[in-house]
Amino acid sequence: MPAIGLEDFKGERMILEPGEARPGLYADIISAVRSQEVTLGGLAEVTDLEAVLVLVAIGDAVTFLARRTADLVAPLSSVVWRPVVDLDLTLSEVVTWRTKDADLRVIRALIDSAATLNG
């Protein structure tokens, strides 16, 4: 799978999750793009992943997705995931629950799911 660089995004319309949803990630992506002096063809914020994927699939925009997300949606769409070699970001997903609820079935399933994802 060929990698790409931020330079490849020059002039491309970019879609991101709204900055309010994940302000740190949003700021990191914008800073990385600006640090490479890449001028985008526009920036839109979209909250719905399905809408983002449709816009990307029809060639209207590009976006950044975590690899796990891309792996989940790849069989369902024509969207292609490629690593961006000079976008050095790490996504951290956190799962929390109240200690007293740890034995509830739904919480146990959440804990088991998180443990599976972390290998």
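The secondary structure of the chain comes to four helices and three strands, where helices (H or I, at least four residues) and strands (E, at least two) are DSSP runs numbered from the N terminus. The model is predicted: local features need pLDDT of at least 70, side-chain atom pairs count only at pLDDT 80 or more, and totals for chains, interfaces and linings use all residues. Residues are numbered from 1 along each chain as its sequence is written, and side-chain values use heavy atoms, with hydrogens and water left out.

**Whole chain**

Start with the C-alpha trace, which spans about 50 × 30 × 25 Å along its principal axes. Coloured from the N terminus on, the elements run β-α-β-α-β-α-α. Of the 119 residues, 27% count as buried; buried means under 20% relative accessible area, exposed over 50%, and partly exposed in between (1.4 Å probe, protein chains only). Among contacts (heavy atoms within 4.5 Å) between residues at least 6 apart in sequence, 70% join residues at least 24 apart.

Two strands pair if DSSP finds at least two bridges between them.

Now show strand 1 (residues 13-16) beside strand 2: they pair in the parallel sense over four bridges. The bridge partner of Ile 15 in strand 2 is Ala 44, and that of Leu 16 is Glu 45. From strand 1 the chain crosses through helix 1 to strand 2, and this β-α-β crossover is right-handed: with the strands pointing away from the viewer, the path from the first strand over the helix to the second runs clockwise.

**Helix 1**

Select residues 23-35. Helix 1 has 13 residues and reaches 18 Å from its first C-alpha to its last, close to the 18 Å expected at 1.5 Å a residue; the expected span is 1.5 Å times one less than the number of residues. Show the side chains of Tyr 26, Ile 29, Ile 30, Ala 32 and Val 33, which are buried. They cover an arc of only 160° around the axis, which puts them on the same side of helix 1; the arc is that of the directions from the helix axis to the C-beta atoms. These buried residues pack against strand 1 and strand 2. On the other side of helix 1, Pro 23, Arg 34 and Ser 35 are exposed. Helix 1 is followed by Glu 37, whose phi is positive, near 55°.

**Helix 2**

Move to residues 49-57. At the start of helix 2, a side-chain oxygen of Asp 48 reaches to within 3.3 Å of the backbone nitrogen of Glu 50; a polar contact is a pair of N or O atoms within 3.5 Å, where within protein one must be able to donate a hydrogen and the other to accept it, and residues adjacent in sequence count only if both atoms are side-chain atoms. The buried residues of helix 2 are Val 52, Leu 53 and Val 56. Their arc around the axis is only 95°, which puts them on the same side of helix 2. What covers them includes strand 1, strand 3 and helix 3. Just after helix 2, Gly 59 takes a positive phi of about 85°.

**Asp 88**

Finish in the loop between helix 3 (67-73) and helix 4 (105-117), where Asp 88 is found. Asp 88 is exposed, with a relative accessible area of 74%. Draw a C-alpha to C-alpha distance from Asp 88 to Ala 32: the two are 56 residues apart in sequence and 8.1 Å apart in space.
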